[in-house]
Amino acid sequence: MAARKKSRTVPHDDSDVALSTSAPFDQLYRDHVDVMYRFAYRLCGEAEAAKDLVQETFLNAYRAYDRFRGDAQISTWLYAIASHACQRMRRKRKGEPERELSLNEFVPTSEGEFALQIPMEGLSPQEALENKELRQILDRAIAKLPRKYRMVLVLRDMEGLSAKEVGGILGLNERAIKSRLHRARLFVRKELSGNGLAREFHQDVATGRR
Amino acid sequence: MADRVRTYPGTRKPTPHQGHGKRNCVKVLERLSAYLDDELSGVVCEEIRAHLGDCPNCEVFLDSLRQTVQLCRHRPSPPLSKDDRANLRRQILKAAATA
């Protein structure tokens with residue numbers, strides 16, 4: 001643990017901060033800040049909130065660093081801190097409806113709901129994502145997911161962690177993770193289908209966005 | 001991701017309500033993520049494949065779910081700028097010192 005021990009005598013003068021902090025924290029920050037920012041951006045959907053979350057994450061990591069036991073990968077530990085910080089920050093802001101997703105709501109009932117409305121045939125995912133409209137619809141769909149489902153989708157499908165790792169981060173068993181992931185994917189799929197786009201169009205008209 | 005079923009969207013048009021309210025379709029829908037993630041036993045996979053071969057709607061639905069997952073996996077996010085990286089570090093250390 002000695003190698004991870006850090007100095008807590010950080011000066012209050014901003015100009016001195018960069019010169020006098022401990023090397024272990026700097027290394028932790030340097031090695032992981034880009035990944036944590038990517039994760040935070042995917043969770044929050046915009047830069048300022050993502051930066052707040054990164055700051056909160058590394059501040060908590062700084063304070064808890066001496067208690068890190070090394071029985072998990074340090075990146076997994078940081079994901080867990082960020083996930084908890086995100087939940088706390090959202091609770092403070094209130095207002096976000098946290099609803100359960102039922103499989104029944106994803107059973108298509110009309111022809112336009114089966115396929116995606118922006119065709120991807122013959123395109124790689126990267127090529128398809130060059131379409132700005134598709135990117136915007138995808139981002140909006142992810143942002144509309146209730147938080148606990150979005151967290152799982154981001155960790156599993158966007159950050160590429162295993163169901164076991166995500167379970168460890170969120171304190172849930174693998175079965176619960178897989179159930180949430182499936183509902184989250186079905187939700188996003190529906191938003192990208194004819195039904196989701198039609199609903200979005202009507203909402204845009206109603207709110208004057210179109 | 002498993003690529004067990006080759007679909008050819010556009011070559012088979014789904015017909016509305018073709019059995020999609022039926023129990024088998026719902027049962028398949030419940031398992032499609034596990035199917036894509038290769039988490040099911042061979043027997044269950046066979047059952048799903050048999051259903052998909054017989055139900056164009058479910059096949060199109062599976063393809064759209066697979067595409068959705070691929071889009072999520074490949075959606076890039078903007079990088080943190082050098083200035084923001086330095087500013088954030090300074091703010092974290094300042095907050096840690098004053099706490």
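In α3 of chain A, the residues Ala50(A), Lys51(A), Leu53(A), Val54(A), Glu56(A), Thr57(A), Phe58(A), Ala61(A) and Tyr62(A) are buried (20 or more other C-beta atoms, placed from the backbone, lie within 10 Å of the residue's own). The model is predicted: local features need pLDDT of at least 70 and side-chain atom pairs count only at pLDDT 80 or more, while totals for chains, interfaces and linings use all residues. Residues are numbered from 1 along each chain as its sequence is written, and chains are lettered from A in the order in which they are written. Helices are DSSP runs of H or I with at least four residues, numbered from the N terminus. The 18 residues of α3(A) should span 26 Å at 1.5 Å a residue, and the end C-alpha atoms of α3(A) are 25 Å apart, which agrees; the expected span is 1.5 Å times one less than the number of residues.

Chain A contributes 47 residues and chain B 41 residues to the contact between them, where contact requires C-beta atoms, placed from the backbone, within 7 Å. On the side of chain A that touches chain B, at least two residues each come from α1 (14–20), α2 (23–44), α3 (47–64), α5 (125–128), α7 (147–158) and α9 (174–192).

An automatic or database assignment divides chain A into domain 1 (2–93) and domain 2 (103–207). Their contact takes 10 residues from domain 1 and 13 residues from domain 2 of chain A. On the domain 1 side, α2 and α4 (74–93) of chain A give two or more residues, and α4(A) supplies the largest share, 5 residues.

Definitions and conventions
Contact = placed C-beta atoms within 7 Å. Buried ≥ 20, exposed ≤ 12 C-beta atoms within 10 Å, placed from the backbone.
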